[in-house]
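This briefing sets out selected features of a structural model, grouped by topic. Please consult the sequence and the structure alongside the points that follow.

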Amino acid sequence: MKKMKDMKWFLDAHYGLFIHWGLYSLMEGVHEGKEIPYGAEWIQKNAGIPVEEYRKLADRFNPVHFDAADIVSRAKKWGMKYIVFTAKHVDGFAMYASKVSPYNIMNTPYHRDPLADLAAECKKQGLMLGIYYSQNQDWEDENGWGNELDFKKNEEKDFPKYFYEKAIPQVKELLINYGKVGLMWFDTPYTMPIELCEKLRDVVNSLQPDCLINGRIGYDLGDYREMADNEIPVLPYNKPWETPVTLNNTWGYSRVDEHWKKTDEIIEKLVSVVEKGGNLLLNIGPDGLGNVPEGSIAVLDEIGAWLEKNGESIYSAVCAPRFPYENRWGKITVRGNCLYLHVFRYPDFPYEILLCNLQQRVKKVTLLETGEELTFYQSYEIARNEYRFRVILPERKEGIPCDVVVRAECETDNLSFVQLV
Ligand code: H79
């Protein structure tokens, strides 16, 4: 019988750190003086660089500033509950000590295993470790999917040879050599046949039965759904899910992409994801020396400070029931018998926010950050079967956060709304 995996940590977490880091980080999104679009981590393909040229990056990969302890402690301070590290991206280069392929970080001047360092720090500091592994694409292996510049057309490759001689043995290394792995993050399965995807799933489950598998293993074989990159669903999705999101327009480091998303934009995305029951996996792309870009640190520090005061509205929240109306002031998250009203657009005088059709009686309303009690009113109009719940906020002050959270404690935890029929 299929063992039920323990998903609680994932469902409670709601916020994780994605780390895209590899040989491509040295290229900084630029080839022969030109900015290459569509992700700095795809530069080998998007700039048409032959593998024999690209692999020379390994000769000068020496990220002496990479500090696993610092990244893990920052991730904690930023409010994240898990990290996902790119052990092998589409370029095929292993960012860990692999015995399966010499194309790995031990054969660089750095000669050190950053995954081992991250795994040790996660264990020490109490973060869950996740590992990204590109199971289908591998642009260094002649039979891996994707490299038609140096090798045969994809359809003419001996894909099972790559799969059984590189992908499976490397996934085994990852699950045997790094202690507890919370999740395996696969990507771009494209046309992989279902039998091989099932084989991959079975290997993961046999080595680490509680290790979650993301949806991009393909064919719904994962333990949760992976939404499209940077996309947030419109409707609540009441099964486990996650959306990976970039802080600028690339996953791997780019020196030319300074289009940092703003703190309030990311907090609103986080709330929008949590409202619908999902997790936000937010990305950083350290540079070729291992430094985390200042632009990401600035935003992540601010989100972390907001979460320190307002995390109760995020962690362990459940998928909220469908609200019958748009709420012009913001969004709502739900946990136990509490509703958290996230006020992104502060109302004008008399500073009132309205929520229609909530059926439960509210016991107490406070500002989450300060605990200050707020005045509220509930009414029911029998002829129209319509409930109204109004909260009077304090006068708007200068310097309030982008998301002021109002905590409404209800009498019961089976929160529901009268739907429009
Ligand atoms: O790891 C990160 C990305 O590298 C990876 N998923 C996240 C988590 C990813 N998968 N697909 N893509 C990135 C981008 C795909 C871009 C494409 Fe294209 C657009 C492929 C086809 C159209 C770029 C432009 C490559 C070919 C044309």
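A polar side-chain atom of Asp-229 lies 2.8 Å from a nitrogen atom of the ligand. The model is predicted: local features need pLDDT of at least 70 and side-chain atom pairs count only at pLDDT 80 or more, whereas totals for chains, interfaces and linings use all residues. Residues are numbered from 1 along each chain as its sequence is written, and side-chain values use heavy atoms, with hydrogens and water left out.

**Ligand surroundings**

- Oxygen atoms of the ligand have polar side-chain atoms of Glu-41 at 2.6 Å and of Trp-42 at 3.1 Å.
- These pairs are described as polar contacts, meaning N or O atoms within 3.5 Å; within protein, one must be able to donate a hydrogen and the other to accept it, and residues adjacent in sequence count only if both atoms are side-chain atoms.

**The parallel sheet**

- An open sheet of eight strands has the order E7-E6-E5-E4-E1-E10-E9-E8, with parallel pairing.
- Strands E7 (212–213) and E8 (225–226) stand at the edges with a single partner strand each, so one side of each has no neighbour in the sheet.
- Helices (H or I, at least four residues) and strands (E, at least two) are DSSP runs, numbered from the N terminus, and two strands pair if DSSP finds at least two bridges between them.
- Helix H9 (residues 294–310) lies across strand E1 (15–19) and E10, at about 150 degrees to E10; axes are lines fitted to C-alpha atoms, for helices over the stretch in contact, and angles run from 0 to 180 degrees between N-to-C directions.

**Strand E9 and its partners**

- Strand E9 (residues 241–245) runs parallel to strand E10 (residues 279–284) and is joined to E10 by four bridges.
- In E10, Leu-280 is the bridge partner of Thr-243, and Asn-279 is that of Glu-242.
- E8 also pairs with E9 in the parallel sense, over two bridges, and Glu-226 stands opposite Glu-242 in E9.
- Five of the five residues of E9 are buried (under 20% relative accessible area; exposed is over 50% and partly exposed lies in between, with a 1.4 Å probe and protein chains only).
- Trp-241, Thr-243 and Val-245 point one way from E9, while Glu-242 and Pro-244 point the other way.
- In a regular strand, side chains alternate between the two faces of the sheet.

**Asn-104**

- Asn-104 lies in the loop between strand E4 (82–88) and helix H5 (114–125) and is buried, with a relative accessible area of 2%.
- A polar atom of the Asn-104 side chain lies 3.1 Å from the backbone oxygen of Ser-98, and one lies 2.8 Å from the backbone oxygen of Ser-101.
- Not counting residues up to four places away in sequence, Asn-104 touches Phe-93, Ala-94, Tyr-96, Ala-97 and Ser-98 (contact means heavy atoms within 4.5 Å).

**Antiparallel pairings**

- Strand E13 (residues 352–356) is joined to strand E16 (residues 386–392) by five antiparallel bridges, and Cys-356 has Arg-388 as its partner in E16.
- Strand E15 (residues 376–381) runs antiparallel to E16, with six bridges between them, and Phe-376 is partnered by Val-391.
- E15 and E16 form a hairpin with four residues between them, and Asn-385 in the turn has a positive phi of about 50 degrees.
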